[in-house]
Amino acid sequence: LIAFVIAATSMQSPTICSGAWKNCANAFSDNANRATATATSTTNKSGIWRGYGFSIGSGSHIDSVIVRADFFASNTRGKIDVKVSGDGGVTWGSSHIVGGNTAEQTFLIDVTNDLAWTPTKLSDTNFRVNVTCFKSSGGTNPTCNLDWVPVNVTYTPFDFNITVNPTEGSVLQGENITTNVSLGLVSGDGTSVFLSAQGCPTNGICTFSPTSGTPDFNSVLTIASISTNGTVSTGTYQINVTGTGGGLSRATPYLLTVN
């Protein structure tokens with residue numbers, strides 16, 4: 001069995017902005033309108049863009065985070081410093097300085113290594129993009145123009161598999177039987193998976209030890225063919241062993257025969 005894992009890509013634009021840039025909402029989309037800011041030798045102008053609306057499943061591995069800045073300035077002294085935050089703006093990653101161009105240009109700013117990215121850090125609660133307009137040398141003060149500041153995230157979704165060994169077994173009425181449950185990480189960084197059993201026979205008890213974990217991990221399913229309510233009737237039962245986590249559900253059958 002060979003699993004092919006395909007990375008997913010999501011590009012989102014901001015919906016909320018604040019700071020010293022004028023008409024900062026003009027950088028929400030790619031059009032003729034622009035957010036502007038004029039810097040001096042002593043005063044920089046910063047703006048913060050957020051509300052990107054990323055919806056990336058827990059346990060996904062973040063492969064890359066790229067900030068796009070469509071930018072130009074009124075003279076070559078105008079530049080921008082781009083930084084990102086994954087904690088709501090409490091701390092910021094490295095500075096990325098671009099600009100000095102007087103015709104609009106697209107800058108792709110790789111911030112993948114600036115933070116230890118997780119889906120949570122890219123949520124609307126935590127993710128921020130800070131763009132600061134500054135003057136790089138003496139002379140006429142520059143006006144910075146920011147047309148669009150979307151963010152492109154490539155990620156590998158979380159996935160796992162589940163198996164039981166042995167896949168079937170026989171037990172006498174009133175006795176217990178066990179099987180080993182293995183959960184393997186297929187892709188992503190992993191998140192907690194909870195185990196359950198569907199089809200446990202009437203009067204039987206199905207328990208897992210442990211009941212949850214982060215793949216790769218192992219558990220033992222114990223099936224008791226008797227309980228305080230009575231004894232399991234003889235016959236054959238299919239029990240579906242299911243793992244649920246990270247928005248996924250994976251199941252595998254176990255065939256129980258009660259003699």
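Biologist: Which residue in β17 is the bridge partner of valine 193?

Modeller: Glycine 213 is the partner of valine 193. Bear in mind that this is a predicted model, where local features need pLDDT of at least 70, side-chain atom pairs count only at pLDDT 80 or more, and totals for chains, interfaces and linings use all residues. Residues are numbered from 1 along each chain as its sequence is written, and side-chain values use heavy atoms, with hydrogens and water left out.

Biologist: What makes β15 and β17 a pair?

Modeller: Two strands pair if DSSP finds at least two bridges between them. Strand β15 (residues 193–198) and β17 have two bridges, in the antiparallel sense, so they pair by that definition. Strands themselves are DSSP runs of E, at least two residues, numbered from the N terminus.

Biologist: Why is β17 called an edge strand?

Modeller: β17 (212–213) pairs on one side only, as does β13 (168–171). The open sheet runs β13-β22-β21-β15-β17, with mixed pairing.

Biologist: How do you know that cysteine 17 and cysteine 24 form a disulfide?

Modeller: A disulfide is a pair of cysteine sulfur atoms within 2.5 Å. Here the S to S distance is 2.0 Å, so the pair qualifies. By this rule the protein has three disulfides.

Biologist: Why is cysteine 24 called buried, and cysteine 200 partly exposed?

Modeller: Buried means under 20% relative accessible area, exposed over 50%, and partly exposed in between (1.4 Å probe, protein chains only). Cysteine 24 has 14%, so it is buried. Cysteine 200 has 26%, so it counts as partly exposed.

Technical notes:
Helices (H or I, at least four residues) and strands (E, at least two) are DSSP runs, numbered from the N terminus.
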